[in-house]
Amino acid sequence: MGKGLSPEQIVRRVREAAEPVIASFGLALWGIEVVAGGRTVVRIYADAPADSGGGNGEDGVLEGVSVDQCAEISRMVGLALEVDEVFSDAWVLEVSSPGLDRLFFEPGQLTPYMGREIDVTLTDPHPDIAGRRRFRGPLCGVSGDSFTVEVLLAPAEGEKPEPAQVSIRWNQVRKARLIPIFPDTSKPGAGKNAKKAAGKGGGKKA
């Protein structure tokens with residue numbers, strides 16, 4: 001990890017280095033992951049700005065985010081982090097688009113995906129639903145630092161599960177991810193023009 005830095009401090013330092021670089025490409029920083037281990041992995045997600053029209057491109061990348069851009073962003077941010085000596089041990093930098101199954105890093109990112117299915121894992125069991133940490137279902141609402149997901153819950157033990165709306169506070173969330181929608185390739189011609197998300201581009205190693 002960094003030289004005596006907490007994960008939160010590392011994310012802040014990476015953000016300070018990445019935001020201006022990503023903005024110079026006309027893109028926006030979607031989020032940052034720091035995975036500690038034998039070698040620290042830093043993942044930076046760059047996306048087309050929310051007001052750009054977005055969408056998936058025909059060339060296998062998210063529109064506005066190319067593999068070449070990811071590679072160049074990785075090179076520039078990696079150099080900045082090396083100069084700043086953020087990491088004391090071996091580390092690797094990965095830059096990519098968020099992809100079809102994008103992670104969410106703050107509650108405000110959920111709003112454009114109302115009605116879409118999301119997968120949410122909590123740090124601890126939900127305070128109103130004993131023993132349950134994971135919820136998957138359509139996003140029903142977002143209000144401030146809370147959001148609502150429709151899931152199947154059994155009214156009582158042994159009874160048939162029924163749809164119910166569960167309210168979740170963002171500070172309870174360990175991980176929240178969008179469930180991707182793939183084209184139906186079972187029909188002739190389906191998927192011919194299917195649009196794919198970008199893979200990881202570039203990387204910086206120290």
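Buried means under 20% relative accessible area, exposed over 50%, and partly exposed in between (1.4 Å probe, protein chains only). The model is predicted: local features need pLDDT of at least 70, side-chain atom pairs count only at pLDDT 80 or more, and totals for chains, interfaces and linings use all residues. Residues are numbered from 1 along each chain as its sequence is written, and side-chain values use heavy atoms, without hydrogens and water.

**View A. Trp30 and Phe104 form a tilted aromatic pair.** Their centres lie 6.3 Å apart, with 55° between the planes. Rings of Phe, Tyr and Trp (its six-membered ring) pair if their centres lie within 6.5 Å; planes under 30 degrees apart count as stacked, over 60 as edge-to-face and the rest as tilted. Trp30 lies in strand 1 (residues 28–35) and Phe104 in the loop between strand 3 (91–96) and strand 4 (117–122), 74 residues apart. Strands (E, at least two residues) are DSSP runs, numbered from the N terminus. Trp30 is buried at 15% relative accessibility; Phe104 is buried at 5%.

**View B. Arg102 sits over the ring of Trp30.** Its charged end is 4.6 Å from the ring centre. The criterion is NZ of Lys or CZ of Arg within 6 Å of the ring centre and within 35 degrees of the ring normal.

**View C. An open antiparallel sheet has 5 strands in the order 7-6-5-4-8.** Strand 7 (162–169) and strand 8 (173–178) each have a single partner strand, so one side of each lacks a neighbour in the sheet. Pairing requires at least two DSSP bridges.

**View D. Strand 4 and strand 8 pair in the antiparallel sense over 5 bridges.** Asp119 stands opposite Arg177 in strand 8.

Technical notes
Helix = DSSP H or I, 4+ residues; strand = E, 2+ residues; numbered from the N terminus.
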